Amino acid sequence: MKDEVLMLHRISKQKSIILNNARSVDNEWVIKRRALICCILLFILFMVSCMVLYFMDHSETENYYAHIYQNGNLIKTIDLSAVSQDYTFTVTSDEDAFNIIEIHDKKIHIIDSNCPDSVCIHMGYHNNSIPITCLPNRLLITVTSQPDAENTENDIDIIVY
Amino acid sequence: MNTKKMVTLTLFSTIALTIFILESAIPPLVPIPGVKLGLANIITLFVMVKYGDKEAFIVLFIRIILANIVSGQVISLIYSLFGGFLCLVSMCLINRLLHSKYLYITSVFGAVFHNIGQIIAAAIIIQSISIFAYLPVLLISGIITGLFTGFCTHFTISRLKGVI
């Protein structure tokens, strides 16, 4: 009885060793194929991002309307072409965080801020491709060609039954 | 979980926290928010390959919460949690597919999804779609930094084979 149990145990161990070896040999080629597919996907992603960056319009804008959003709410719209003289103003968010925005030569940019990484100051003047943001202070400046804000389609003005 | 494993995971969390804080002291190279060397992902990937998914989640979670408490802003907690969670999920999936080989591919996917997660969190907080204009630059920087961290993790694991 004990011999049979020992023999059965040895047979099952050998079977699992054979199965494991077969599985690892079979998986080597499968893993290589999956790795190749992942590499090709990443390469395509890289190329698409480069092309999108290349074809985006990077010119600086003039004579457009600047919208300033704080916490998702539009707080100010400025007609940049009607600004005759440079001025600065301060936008504060909660907890004593501020951004000082300057309009200089019909272009808008952030001059000073007390956010920790100060990326927003180095963004420079606005250009067509990306908006100016200060993410720690939840500030967003976009410049469009229409005087109305772009988020008005989210608000429902009236419902008629 | 025995005491030795708990202490080892705590030490890994401390290492990840230190790397994160040191790396946030480097001035940003590109004026786009979110472009950074994600060196703390080395620890996440290391723990995932050596121990498993749950342990990597624990280390990541502790690191994110402590790093945001130490830097003193609650708002970046949401960005980091989104990005870190998406990064972990994607790295788990790719690791399972590739059986812990080709670590640089896993970490590239992790970095890319980390950046995508941060952009989605920013879009939810600022409530504007126009923030997705940052996505091409973030994808490119994610691929490059992911390759770098993947190679770092590969060499760390191969050199520390008998030690940890």
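Me: How do you know how confident the predictor is in chain B?
Reply: This is a predicted model, so the score to look at is pLDDT, which runs from 0 to 100. Chain B averages 90, and 100% of its residues score at least 70. For the model as a whole, the scores are ipTM 0.86 and pTM 0.83.

Me: What makes helix α2 of chain B largely enclosed?
Reply: The count of buried residues does. A residue is buried if 20 or more other C-beta atoms lie within 10 Å of its own. Eight of the ten residues in α2(B), which covers residues 41-50, are buried, so the rest of the structure largely encloses this helix. They are Asn41(B), Ile42(B), Ile43(B), Thr44(B), Leu45(B), Phe46(B), Val47(B) and Met48(B).

Me: What covers those buried residues of α2(B)?
Reply: The cover includes five helices of chain B: α1 (3-24), α3 (53-71), α4 (75-98), α5 (103-126) and α6 (135-159). After α2(B) comes Gly52(B), which has a positive phi near 150°.

Me: Turning to chain A, what is its pattern along the sequence?
Reply: Chain A holds two helices and seven strands, and they follow one another as α-β-β-β-β-β-α-β-β. Of the 161 residues in chain A, 20% are buried.

Me: Why are β2 and β6 of chain A called edge strands?
Reply: Start with the sheet they belong to. It is an open sheet of four strands in the order β2-β1-β7-β6 (chain A), with antiparallel pairing. Both β2 (73-79) and β6 (132-134) of chain A pair on one side only, and that makes them the edges. Neighbouring strands in this sheet are turned by 15° against each other on average, direction ignored.

Me: How do you know that β1 and β2 of chain A count as paired?
Reply: Two strands pair if DSSP finds at least two bridges between them. Strand β1(A), residues 65-70, is joined to β2(A) by six bridges, so the pair meets the cut-off. The two strands run antiparallel. Ile68(A), for instance, has Lys76(A) in β2(A) as its bridge partner.

Me: Which strands make up the open sheet of three in chain A?
Reply: Its order is β3-β4-β5 (chain A), and the pairing is antiparallel. The edges are β3 (87-93) and β5 of chain A, since each pairs on one side only. The twist from one strand to the next averages 30°.

Me: What makes β4(A) and β5(A) a hairpin?
Reply: Strands β4 (97-104) and β5 (107-113) of chain A pair in the antiparallel sense over six bridges, and two residues lie between them. In the turn, Asp105(A) has a positive phi of about 60°. Across the pair, Glu102(A) stands opposite His109(A), while Ile100(A) stands opposite Asp112(A).

Me: Why is Ile111(A) called partly exposed?
Reply: The label covers counts between the exposed limit of 12 or fewer and the buried limit of 20 or more. Ile111(A) has 13 other C-beta atoms within 10 Å, so it is partly exposed. This residue is found in strand β5 of chain A. Leaving aside neighbours within four places in sequence, Ile111(A) is in contact with Thr88(A), Ile100(A), Glu102(A) and Ile121(A).

Me: How many residues does each chain bring to the contact between A and B?
Reply: Chain A brings 29 residues and chain B brings 28. On the side of chain A, α1 (2-55), α2 (119-122) and β7 (139-144) each supply at least two residues. By type, the side of chain A that touches chain B divides into 18 nonpolar, eight polar and three charged residues.

Key
Residues are numbered from 1 along each chain as its sequence is written. Chains are lettered from A and ligands numbered from 1 in the order in which they are written. This is a predicted model: local features need pLDDT of at least 70, side-chain atom pairs count only at pLDDT 80 or more; totals for chains, interfaces and linings use all residues. Two residues are in contact if their C-beta atoms, placed from the backbone, lie within 7 Å. Axes are lines fitted to C-alpha atoms, for helices over the stretch in contact, and angles run from 0 to 180 degrees between N-to-C directions. Ala, Val, Leu, Ile, Met, Phe, Trp, Tyr, Cys and Pro count as nonpolar, Asp, Glu, Lys and Arg as charged, and the others, Gly among them, as polar.
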